[in-house]
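Subject: Two-chain model for you

Hi there,

Here is the model I promised to send over. Please have it open while you read my notes.

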Amino acid sequence: MLKSWKLKEAVLMSLFAVVFGIVYLLFVHVSNIWAAVIGPLAYEWMFGIWFIVSIICMYIIRKPGAAFLSETMAATIEVLIGNAVGPRLILSGVIQGLGAEAVFALTRYQHFNILVLMLAGIGSAVFSFVYGYFVSGYAALDPSFVALMFTIRVLSGAIIAGIGGKYIGDALLATGSLRGYAIARAKKGDVNA
Amino acid sequence: MHDMNPSVKFIVITASMLVIAFFFNPWTPLIFWLGIILLQLTMSRTKWKLWLLFMLPFSIGAFGYLWTTIVFGAETGGAIIWSFAGIDVTEEQWARALSLAFRVMAFSTLSLLFAFTTDPVRFIMSLMQQLKLPPKLAYGVMVGYQFLPVMKDEFTQIQQAQRLRGAETKKYSWQQLLSMRRILIPMLAGAVRKAERSAFAMEARGFTGEPRSAFYHPIQIDRTDWLMSGIFLILLLTSCIGGSWLG
């Protein structure tokens with residue numbers, strides 16, 4: 001998978017994982033406080049934040065694995081910094097990353113418009129929900145409540161991760177620091193922008 | 001605990017979490033939770049004050065789970081134990097709610113056990129040596145990890161620079177959260193440049209990203225790992241069987 005990657009792309013992904021690992025951790029704490037008040041529903045509408053790094057990395061690097069690896073690494077960094085959710089977090093990172101990666105793989109890594117990015121956010125949401133269904137025991141909750149949780153999470157994945165991810169990617173492109181990455185090349189030659 | 005191979009520890013902990021997730025009685029997670037605390041008490045050098053501080057948000061979270069499960073839990077049969085504010089709590093609901101709450105406690109304790117007894121650099125090295133993580137990624141993560149303090153400095157720098165130019169600081173915390181993006185973009189742009197520079201530096205020093213067979217700091221799997229895995233397995237079995245028997 002990594003054969004076609006340049007070293008600078010791998011390092012870029014790692015640094016993004018570090019930045020977003022910190023951001024993620026911040027939001028874990030914020031939502032933990034929330035969750036104490038209104039229960040597991042609190043996490044749902046913020047869930048998109050935790051999918052964003054895979055969307056941004058894929059949007060910039062545009063190579064197979066960018067979504068999956070970046071999300072996994074961000075989760076690993078979170079664990080390394082000393083997050084209390086611990087190694088289980090890496091597993092959920094893997095699953096969220098796979099969700100986004102699946103969508104990009106379906107488009108054969110050819111299209112990176114807003115629709116695909118939003119779908120990728122939804123992919124992460126669906127995958128993480130199925131995983132959460134088992135691990136956090138949603139099966140014990142009322143089905144209509146579970147359906148509500150699912151809907152909010154999918155929306156959050158599409159809006160925060162999909163649209164937000166594209167926004168950050170475009171803003172970064174505007175700073176000019178992304179010359180030499182696939183995103184800048186695609187804009188110039190507009191092959192598949 | 002501290003001497004255990006990080007990869008082995010990681011696999012054992014993740015596997016036991018997955019197994020526990022299949023049990024819905026309150027006893028299994030409870031027994032498991034107590035067992036883990038016992039393990040940590042006897043076999044690790046934990047700073048317990050810090051541990052309590054970390055556990056606090058999780059205890060609150062577990063409580064949140066407890067009451068939402070009672071209120072929003074699926075309708076189930078069983079005798080009504082007590083009712084409160086028009087909500088009848090049945091025996092089954094109570095057991096489920098307790099089970100979920102204990103599960104949160106057990107999982108967070110287990111995670112803290114890992115976080116408190118594992119050295120991050122050793123963990124990455126072990127991932128590369130035992131689980132065959134590609135070196136490109138492993139050293140990438142290490143570079144990122146080393147940049148952590150730099151990122152922190154940069155964060156304050158950008159913040160101060162913006163304040164100097166008269167960007168007003170927001171009063172409410174939710175507004176501050178929204179203005180995060182003003183800091184995030186310059187930080188990411190800086191990260192891109194740093195990534196490029198360090199990648200060049202690594203290549204210039206002959207790093208190709210090819211897998212290798214010899215390491216400067218070899219990390220091995222030895223007897224301690226087998227012993228600890230065995231203890232974990234026994235604990236897991238005890239809680240599963242004991243939990244089903246009691247429940």
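Below are my notes on the two chains, their contact and a few local details.

First, the conventions: residues are numbered from 1 along each chain as its sequence is written, while chains are lettered from A and ligands numbered from 1 in the order in which they are written. This is a predicted model, where local features need pLDDT of at least 70 and side-chain atom pairs count only at pLDDT 80 or more, while totals for chains, interfaces and linings use all residues.

Chain A has eight helices and zero strands (helices are DSSP runs of H or I with at least four residues, strands are E runs of at least two, and both are numbered from the N terminus). Chain B has 10 helices and two strands, in the order α-α-α-β-β-α-α-α-α-α-α-α along the sequence.

The chains can also be set side by side by burial. In chain A, 58% of the 193 residues are buried; in chain B, buried residues make up 34% of 247. (A residue is buried if 20 or more other C-beta atoms lie within 10 Å of its own, exposed if 12 or fewer, and partly exposed in between, with C-beta atoms placed from the backbone.) Counting contacts between residues at least 6 apart in sequence, 73% of those in chain A join residues at least 24 apart, and for chain B the figure is 78%. (Two residues are in contact if their C-beta atoms, placed from the backbone, lie within 7 Å.)

On confidence, chain A has a mean pLDDT of 81, with 87% of its residues at 70 or more (pLDDT is the predictor's confidence in each residue, from 0 to 100).

Helix α3(A) (residues 52-61) packs against α4(A) (residues 66-81) at about 140°, with the axes 8 Å apart. (Axes are lines fitted to C-alpha atoms, for helices over the stretch in contact, and angles run from 0 to 180 degrees between N-to-C directions.) This angle makes α3(A) oblique to α4(A) (under 35 degrees is roughly parallel, over 145 roughly antiparallel, 65 to 115 roughly perpendicular, and the rest oblique). Residues of α3(A) in this contact include Val53(A), Cys57(A) and Ile61(A), and those of α4(A) include Ala67(A), Phe68(A) and Ala74(A).

Also in α4(A) is Leu69(A), which counts as buried because it has 29 C-beta neighbours inside 10 Å. Leaving aside residues up to four places away in sequence, Leu69(A) touches Met13(A) and Leu137(B). The C-alpha atoms of Leu69(A) and Gly93(A), 24 residues apart along the chain, are separated by 9.0 Å.

As for the interface, 47 residues of chain A are in contact with 58 residues of chain B. On the chain A side, α1(A) gives the most, with 15 residues.

Finally, a look at α5(B) (residues 120-130): its buried residues are Phe123(B), Ile124(B), Met125(B), Ser126(B), Met128(B) and Gln129(B). Their cover includes α4 of chain A, together with α1 (6-20) and α6 (135-146) of chain B. Just after α5(B), Lys132(B) takes a positive phi of about 60°.

Best wishes
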